[in-house]
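This briefing covers the nonpolar cores, the salt bridges and the aromatic contacts of one protein structure. Please read it with the structure at hand.

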Amino acid sequence: MIVLALPISMFAQLIQNPGMETWRSNTAGTSPVISINAPDNWYGFDSLAIAGGQAFLPLMYLGYTPSVFHAQLFPDTVVFKSGTRSAKLMTLKQDTLGFIPGTLSNAKVGINPLALIGGGSLASATTFSGGTGVAMRVTSVSAYVLYKTGIDSITGLIGGADTGLLTVQALAHIGTKDSVIGTGRVQILPTDTFRLITANVIYPFDTIHAVDTLRIVFSSSGGGASRPCDSSTLYIDDVSMAGVPNPDYSAVKVVAPDDAFTVYPNPAAGTINLNSKNGGPLNFRLYDESGRMVASKLINGKGNMDVSLLPNGMYFYSVDDASGKTIHRGTLTLKK
């Protein structure tokens with residue numbers, strides 16, 4: 001196709017408010033009311049930590065009264081890469097919820113209250129919806145960042161083994177829902193000056209669907225195996241993305257309808273159930289975010305698979321019939 005020969009710049013798009021220059025103010029919680037801020041077209045998690053903590057902690061601990069909650073996302077007019085400001089994220093202790101990473105996303109952040117009341121962690125109860133609409137297959141997301149680690153909760157020393165994280169999800173509308181078909185992530189290490197980081201987006205097996213939504217999440221902790229440190233701080237500026245034309249595979253179709261094959265529960269922790277309406281021998285394959293196959297199973301109509309030994313995260317799966325033809329694709333999230 002001639003369109004594939006066009007320069008990549010023809011398909012470049014801009015992130016809304018990439019330099020964190022314009023902001024909006026609001027409040028969160030009721031007792032007390034706390035002032036919060038967020039860049040226009042971006043969303044923080046601190047509003048939910050404050051409102052959710054004040055509302056649900058008394059339900060989780062009879063007679064408990066929430067005490068101290070904090071804003072975690074701020075405009076910074078002193079430390080920035082370009083323009084007049086950057087976004088400043090801080091990992092802070094939110095009452096008995098513990099040290100919560102500061103989060104900045106172009107998608108709306110939500111909490112599943114039932115998961116929280118049921119004893120789940122704040123991370124496992126967090127959901128994202130929406131994002132930036134795109135008309136290309138995004139290959140990378142970049143940003144200029146400056147990261148300072150905070151106080152280790154055990155040693156009490158500044159400069160604990162903490163790291164930030166940039167996570168990217170590329171979504172396509174498949175059937176009746178938006179599905180993640182590509183992911184990227186990059187760990188953010190401490191630095192004294194702004195440096196450019198890039199999360200390359202990998203599409204493990206989907207060469208068919210057009211990406212229509214991009215989801216970006218920055219976190220001030222959680223980039224490695226370390227525990228969050230008090231006051232770890234991430235400055236973010238000049239976010240950008242790059243991509244190539246979306247594939248035109250309109251003639252290539254997955255054979256089975258959306259509900260012909262189901263995988264549940266999703267998110268999962270221990271065992272997943274596999275169910276085909278059509279029966280017959282099917283090959284189920286599970287892939288990690290890098291595209292490496294981590295598990296497979298031959299099933300006849302119904303089956304199950306133990307995923308308890310796999311680490312938490314996003315996984316992709318495909319289902320092939322006896323002839324080797326892919327009849328279904330999807331994503332699975334593991335949260336233990």
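A residue counts as buried under 20% relative accessible area, as exposed over 50%, and as partly exposed in between. The structure is a predicted model. By the 50% cut-off, aspartate 192 is exposed, because its relative accessibility is 65%.

**Salt bridges**

- Two salt bridges are counted in the model.
- In one of them, the side chain of lysine 148 meets that of aspartate 192, with an N to O distance of 3.0 Å. Strand β12 holds lysine 148 and the loop between β14 and β15 holds aspartate 192, so this pair ties together parts 44 residues apart in sequence.
- Lysine 148 is partly exposed, with a relative accessible area of 36%, whereas aspartate 192 counts as exposed.
- A salt bridge also joins arginine 285 to aspartate 320, where the closest N and O atoms are 2.4 Å apart. Because arginine 285 belongs to strand β20 (residues 281–287) and aspartate 320 to strand β23 (residues 313–320), the pair ties together parts that are 35 residues apart in sequence.
- Aspartate 320 is buried, at 9% relative accessible area, while arginine 285 is partly exposed, at 23%.

**Nonpolar cores**

- The largest nonpolar core has 36 residues, and within this core Phe218 and Val239 touch the most other members. Two or more residues each come from β5 (86–90), β12 (137–148), β13 (164–174), β14 (177–188), β15 (195–200), β16 (211–219) and β17 (233–244).
- Beyond its neighbours within four places in sequence, valine 239 is in contact with residues including Ile15, Trp42, Val141, Ile216 and Phe218.
- Another core, of 19 residues, lies apart from the largest one; among its members are Phe261, Leu286, Leu310 and Val319.

**Aromatic pairs and cluster**

- The model contains three aromatic pairs. One of them is the stacked pair of phenylalanine 261 and phenylalanine 284, with 6.2 Å centre to centre and 20° between the planes.
- Phenylalanine 261 lies in strand β18 (residues 261–264) and phenylalanine 284 in strand β20, so their pairing ties together parts 23 residues apart in sequence.
- Phe261, Phe284 and Tyr317 make up one aromatic cluster.

**Charges over rings**

- Arginine 24 places its charged end over the ring of tyrosine 43, 5.1 Å from the ring centre.
- Lysine 81 is positioned over the face of tyrosine 144, at 4.5 Å from the ring centre.

Terms used: Residues numbered from 1 in each chain as written. Predicted model: local features only at pLDDT ≥ 70, side-chain atom pairs only at ≥ 80, totals over all residues. Heavy atoms only, no water. Core = buried A, V, L, I, M, F, W, Y, C linked by side-chain atoms within 4.5 Å. Buried < 20%, exposed > 50% of the residue type's maximum accessible area, 1.4 Å probe, protein only. Helix = DSSP H or I, 4+ residues; strand = E, 2+ residues; numbered from the N terminus. Contact = heavy atoms within 4.5 Å. Salt bridge = Lys/Arg side-chain N within 4 Å of Asp/Glu carboxyl O. Phe/Tyr/Trp six-rings, centres within 6.5 Å; stacked < 30°, edge-to-face > 60°. Lys NZ or Arg CZ within 6 Å of the ring centre and 35° of its normal.
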